[in-house]
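Hi there,

Here is the structure I promised to pass on.

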Amino acid sequence: MSAGGQFVLNREDEMKLGILWSAVAIASAATMLGGTPARAEKSDKAITVVLAVELDSLDPCDTQPAQNANVVRGNVFESLTRVSPVNGKVEPLLADSWKQTSDKTWEFKLKKGVKFHDGTDFNAAAAAANIMRTQGGSNFPGLACLNSGQIPTPVTAEAVDDLTLNVTTTVVDPILPLRLSYVDIGDLVSQTKPDKVLNPVGTGPYKFVSRKQGDAVKLTRFDGYWGTAPQIKDVTYIVRKEASVRASMVETGEAQIALSIQAQDATDDDRTVTFKDNRIFVMRPMTFKEPFKDPRVRQALSYAIDRDTIVPAILGITGAPYYQMLGPQVNAYLPDYDSAGAMKYDPAKAKELIAAAKADGHAVDTPFDIVTRPDILPDGGELVQAIAQNLREVGLQANIKSMENTAWREFLRQPFPPEQPPTLQMISHDNTSGDASFSFPKYITCKGINSAICNPEIDKLVAAADVAAGDERDQLYRKAAEILYKDGGFIGIAEQIRLIMLGEGVNYKANPLSGLEVRIADVQLN
């Protein structure tokens, strides 16, 4: 990125990311619907979308988890920039353009004529307030913003005039416009209050109508939308935890779209849509406690698991064996690792490593919990049971603890309470940005909110990568990944392939972002 350039990445970076992203899109296209149908006129039609997990927040600063984003992201809320689902490039959304005016300052020119759902104007003051609120701080005491990890170092956002916004970083950040694609914009009034937003007001094509906890969320078309009006008028979101129930609701016409479908419920026609969203099913050992303090025991976890057998047998078309934390679209991906460097199934090697750690005084017999949740992925329960059996076969004392999302998240995040037992956390992680800075700082550094490992060498590499650009940035992240996998800090299990079921007459073209946001404006009914 050169000073004054308009794009988030330099040309070389963009071409590289574009090629990678295109590979995903092409791979997914084989199972997508045909081309996007012509935009239909507005109608009074309504649809019901059935989800696997109920959203836990309507706040624009909580759209990072998929359960929240699936409802409000791209529907109620929009951001200044967005990642193209076609080529992975950063595109304008509520911002028309941007440029870097100094090493640490960026100027954004905002789109004219955009209204919030309450009729007030979208302007630079509202954009600045959302950026500042996302970071919490003294002006928002007690605000636990789930998007805060996307802006890891403090920034200052200031309105120059109604349509000009300056954002200043505290460190050089070559990908700031990409980071701002994760800051969803709510109305100015709600962003000046520290409380959670319960009645969201955004600029998106749909406005919030109601939420009945545990029952449904309803949206309706916003007739003052600045962009192309969507065809569908009303949307109702309901939750059914059983994947087979979600599929049957579409079969019977009770719902028109069902997310997170299992392979056995898939149809053999174009009503089952598949896509890859760079989502990897991984294990995160708690390295601060036995039996995982010694890296040899963590390496043994990887050698113990027979991915090539259990993943195809259980996940079928929805997964493939995998050994890394991040997918091939991300700049920390190690191209040759799975074929040459991965710790593949070798139970004798696993037992050998465990015995060596025990001989050096490590408590390898310490029982631990495999922490998972029922909705972590379709057929995830069976896969976790198979993993536990593999671990027991090499002598590890693995128990399974399955819990609901809120409780599962408490085990995920620091600070970990001293009384927390040793855990092996099962995580379904996606990175749709293409840049490891959206994963590594919070998952593998000493102070990362989701980190259960502390290696100063990794911290040093990640810190250097975060302010670097181009090939240097990629190489630094890859070095950090090499150390991480050698250290057994994260252990890949399966690359996930996702399924969406559509009702008769429903047209929706899935894309690599569909795991996080299903834009109802992209859905059409015959």
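How many disulfides does the structure hold? It holds one, where a disulfide is a pair of cysteine sulfur atoms within 2.5 Å.

Before the details, a word on the source. This is a predicted model, so local features need pLDDT of at least 70 and side-chain atom pairs count only at pLDDT 80 or more, while totals for chains, interfaces and linings use all residues. Residues are numbered from 1 along each chain as its sequence is written, and side-chain values use heavy atoms, with hydrogens and water left out.

**Cysteines**

The disulfide joins Cys446 to Cys454, with 2.0 Å between the sulfur atoms. The torsion about its S-S bond is about 90°, which means that the Cys446–Cys454 disulfide is right-handed. Cys454 is partly exposed because its relative accessible area is 43%. Cys61, at 3%, is buried, and so is Cys145, at 7%.

**Salt bridges**

Side chains of opposite charge can pair when their charged atoms come close. The rule here asks for a side-chain nitrogen of Lys or Arg within 4 Å of a carboxyl oxygen of Asp or Glu, and it gives 30 salt bridges.

- Arg473 and Asp435 form a salt bridge with an N to O distance of 2.8 Å. Arg473 sits in helix H15 (residues 470–486) and Asp435 in the loop between strand E19 (423–430) and helix H13 (440–444), so the bridge ties together parts 38 residues apart in sequence. Helices (H or I, at least four residues) and strands (E, at least two) are DSSP runs, numbered from the N terminus. Arg473 is buried at 3% relative accessibility, and Asp435 is buried at 5%.
- Glu404 and Lys241 meet at 3.4 Å, N to O. This pair links distant parts of the chain, 163 residues apart: Glu404 is in the loop between strand E18 (398–402) and helix H12 (405–412), and Lys241 in the loop between strand E12 (234–239) and helix H6 (243–251). Glu404 is partly exposed at 43%, whereas Lys241 is exposed at 60%.
- Asp223 and Arg221 are bridged at 3.6 Å, N to O. Asp223 is exposed at 60%, but Arg221 is buried at 9%.
- Arg73, Arg82, Asp184 and Glu517 are linked in a salt-bridge network.

Happy to chat about any of this.

Best wishes

Terms used:
Buried means under 20% relative accessible area, exposed over 50%, partly exposed in between (1.4 Å probe, protein chains only).
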